[in-house]
Amino acid sequence: MPESVTLEVGGRTMVIETGELAKQANGSALIRYGDQNVVLCAVTASEKPREGIDFFPLTCDFEEKMYAAGKIPGGYIKREGRPSEHAVLSSRQIDRPIRPLFPEGFHNDVQIVATVLSIDPELDADVLGVCAAGAALALSDIPFDKTVAAVRVGRDENGKYICNPTLPQYETGGMDIVIAGTADAVMMVEGGGHEISEEDFLGAVAFAHNEIKKIVKSIDQLAKKYGKEKREYPLKKVNSDLEKWVRKNFAKDVAKAMRVVDKGEREEALDKLNVDEAIARLGKKDEDVRDLLEDEKIAKDFGKIIKAMEEDELRTMVVDEKIRPDGRKPDEIRPIWTKVHYVPRVHGSGVFTRGQTQVFTAATLGSTSDAQRLDGIMDLEEKRYMHYYNFPPYSVGETRPMRGPGRREIGHGHLAERALEPVLPKKEDFPYTLRLISEVLESNGSSSMASVCGSSLALMDAGVPIKEHVAGVAMGLILKGKAYTVLTDIQGLEDALGEMDFKVAGTKKGITAIQMDIKVQGITIDIMREAMARAKESRFFIIDKLAETIAEPRESLSKYAPRMIVIKINPDKIKDVIGPGGKIINKIIQDTGVEKIDIEDDGTVFITSLDGESGDKAKQIVENITKDVVVGETYLGTVTRTIAIGAFVQILPGKEGLVHISQLAPQRVDKVEDVVKVGDQVEVKVMEIDGQGRINLSRKALLAPGSDDGQGQRGNGAFRPREREESAAAPGGPGAPPTRRRRRPPGRHDE
């Protein structure tokens with residue numbers, strides 16, 4: 001039997017177990033949550049570091065198994081392949097709060113694998129992956145002092161915070177924020193909302209941290225009783241003698257290089273501070289240091305020492321001197337310039353440049369059938385808005401192989417997508433699929449937030465009726481002892497050497513997306529409050545800059561964008577529009593020249609065309625097919641065939657009725673062909689739809705004075721029971737049985 005602890009989180013029971021599954025791993029934990037959610041996490045560490053490794057090789061994987069939701073993968077391959085976007089994002093959520101808590105100098109390979117064994121499709125298990133990873137590490141013999149847990153926060157219709165809400169509750173409350181942390185502090189924030197205020201966000205963080213403390217306490221209780229004793233692992237430390245010499249001989253050089261404003265020139269100056277330069281500076285009394293520098297293993301410490309000196313110098317500059325490497329003040333934003341409609345062929349485009357960070361975004365509009373179909377364990381079927389972020393090597397002046405998107409690219413694209421989604425029009429109002437691609441052309445920090453700004457420009461340029469501009473900014477933090485400084489619009493160096501990367505995006509009404517990562521063991525709510533206040537000021541400033549370029553969406557779409565017509569039909573008529581094997585709908589597309597006709601189960605029809613004329617034609621045909629024939633209405637129809645007792649006229653696609661010979665003209669008609677022939681267009685009035693659905697028409701009612709309903713006196717064209725019977729028996733008549741028709745005496749039908 002497994003050992004376990006039980007607690008209540010968000011109104012559901014959480015059970016944390018160990019000792020039954022995955023016992024050969026360094027540590028494992030199973031979390032059961034609610035009625036259906038089960039996540040297993042196993043952690044392992046290598047016995048010793050790999051040769052030549054001078055970093056911490058941590059790998060986190062969130063494994064989504066389709067069996068967890070009772071599904072079989074779609075397509076030809078029935079085995080799970082590459083991780084879904086959701087799995088990649090969930091893996092990042094495990095990595096980010098855990099990575100800073102490993103000991104400095106711990107370079108053994110560590111692998112964390114969280115596997116979803118069972119899931120409630122309306123309840124995201126990503127936060128359970130973080131909790132399971134925190135529990136597995138606490139139970140393992142791997143050095144990891146502070147236990148980590150995570151929860152998701154939403155709101156109900158009354159604005160009350162909810163712990164671990166369901167998917168429908170995300171929409172109801174307009175908030176979806178994941179918070180991870182230890183018992184002492186918050187480690188990571190990821191999420192967004194429908195223009196939520198800073199205070200509402202901070203309230204959600206405080207609410208989440210209380211729940212996190214409960215989970216951490218339970219994990220620690222389990223680990224105290226059943227956890228493994230922590231093993232001694234080698235911790236890589238720099239050579240103290242070498243560090244002392246480098247700091248003495250390179251302090252002025254590092255200080256000078258860190259104050260070079262231009263990024264390229266600064267990096268060039270720092271690159272010159274290398275081992276070769278160190279050897280060149282050796283004096284006669286430095287023979288011991290020469291031996292250290294000529295030892296390849298020890299010489300690797302030189303770069304680490306220089307980087308540590310850069311961090312120290314940055315703290316001195318920012319906290320003590322209140323000046324940044326590029327000369328800005330702590331709350332100053334880099335120069336901004338923007339353009340829209342940068343290239344002609346795309347449906348919408350925008351360029352956003354902030355300092356040495358530049359992003360080009362292209363917006364493409366498509367039909368509803370272009371939406372991304374989702375085949376995953378969550379209860380999500382499709383996405384009509386997709387945002388992709390690309391980070392080519394030339395953006396930072398490097399060369400490297402071009403591969404598929406990595407986890408960073410997927411994460412940044414998702415963040416921008418989350419930021420813009422709340423301002424997009426609803427599908428009923430703007431039934432397009434939206435695909436935005438952000439190409440990072442230059443990068444010196446905060447490229448993800450630049451992609452948000454560039455995308456806001458591109459959407460307005462495309463004529464997408466978004467509510468208002470969305471802008472984003474990345475905030476940083478520099479700590480020096482107990483003193484600290486919050487930085488606005490951080491650049492690459494401040495991100496790499498600083499303690500925080502806090503991205504905030506939104507409109508002037510509120511926050512739509514937020515992401516916080518830190519490199520220390522947690523930050524306080526007060527620091528977050530100050531960072532958010534600065535971010536709000538900066539966001540407003542940037543939005544004003546965007547509005548100077550384009551203040552509102554263009555009134556019309558690009559001439560290259562498809563035109564979309566939406567109509568609603570009776571769901572029972574869908575089969576009539578599609579036809580057997582798609583025959584009817586394909587003919588409409590062929591005859592009118594529209595690109596696509598998509599029909600949803602609720603009877604919503606989306607007609608996509610490149611011009612309005614073809615779309616209008618297709619719309620008219622669909623409406624005619626699905627239109628109900630109304631008694632008393634007049635229609636212009638086509639004669640399809642004639643028989644002795646009358647003519648059949650098609651008044652709508654697939655709908656025809658009989659004009660009895662007595663209803664063809666005011667005067668007596670001896671022969672149908674004397675009045676109408678096959679192919680003639682005639683105006684007719686619907687007189688009756690009988691109990692069998694047969695339509696009786698009259699041409700006479702529109703020609704004879706005072707005759708408007710075909711009822712009343714004899715001679716006005718009213719059908720008699722005998723005539724209805726013979727009409728129904730006519731060969732090929734609506735619902736007619738194959739019976740022999742008896743010829744009537746001449747003239748009887750027009751008494």
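Of the 751 residues of the protein chain, 53% count as buried, meaning under 20% relative accessible area, with exposed over 50% and partly exposed in between (1.4 Å probe, protein chains only). This is a predicted model: local features need pLDDT of at least 70, side-chain atom pairs count only at pLDDT 80 or more, and totals for chains, interfaces and linings use all residues. Residues are numbered from 1 along each chain as its sequence is written, and side-chain values use heavy atoms, with hydrogens and water left out.

The accessible surface of the chain comes to about 35,300 Å², by the Shrake-Rupley method with a 1.4 Å probe. Carbon and sulfur atoms hold 49% of that surface.

Now the overall build. The chain has 19 helices and 29 strands. Both are DSSP runs numbered from the N terminus: helices are H or I with at least four residues, strands are E with at least two. The radius of gyration is 36 Å, well over the 27 Å that the globule rule gives for 751 residues, so the chain is more spread out than a compact globule. That radius is taken over C-alpha atoms, and the rule is 2.2 Å times the number of residues to the power 0.38. Along its principal axes the C-alpha trace spans about 135 × 65 × 45 Å. Contact means heavy atoms within 4.5 Å. Of the contacts with a separation of 6 or more, 69% join residues 24 or more positions apart.

Two residues show the packing up close. Thr182 sits in the loop between strand S9 (175–181) and strand S10 (186–196). Beyond four places in sequence, its contacts include Leu101, Lys146, His209 and Val216.

Glu190 lies in strand S10. At 5% relative accessibility, Glu190 also counts as buried. Ala180 is 10 residues away in sequence and 8.9 Å away in space, C-alpha to C-alpha. Leaving aside neighbours within four places, Glu190 touches several residues, among them Arg96, Asp176, Arg418 and Gln515.

The structure holds 3 cavities of 30 Å³ or more. On a 1 Å grid over the protein atoms alone, a cavity is a set of points where a 1.4 Å probe fits but cannot get out; lining residues have an atom within 4 Å of a point. The largest cavity is lined by residues including Pro2, Glu17, Leu30 and Leu40. Strand S3 (27–33) and strand S2 (12–18) each give two or more residues to this lining. S3 gives the most, with 3 residues.

How values were computed: On a 1 Å grid over the protein atoms alone, a cavity is a set of points where a 1.4 Å probe fits but cannot get out, and a pocket is an open set with protein on both sides within 12 Å along at least five of seven lines; lining residues have an atom within 4 Å of a point. Grid points are joined across faces, edges and corners, and a volume is the space filled by probe spheres set on the points.
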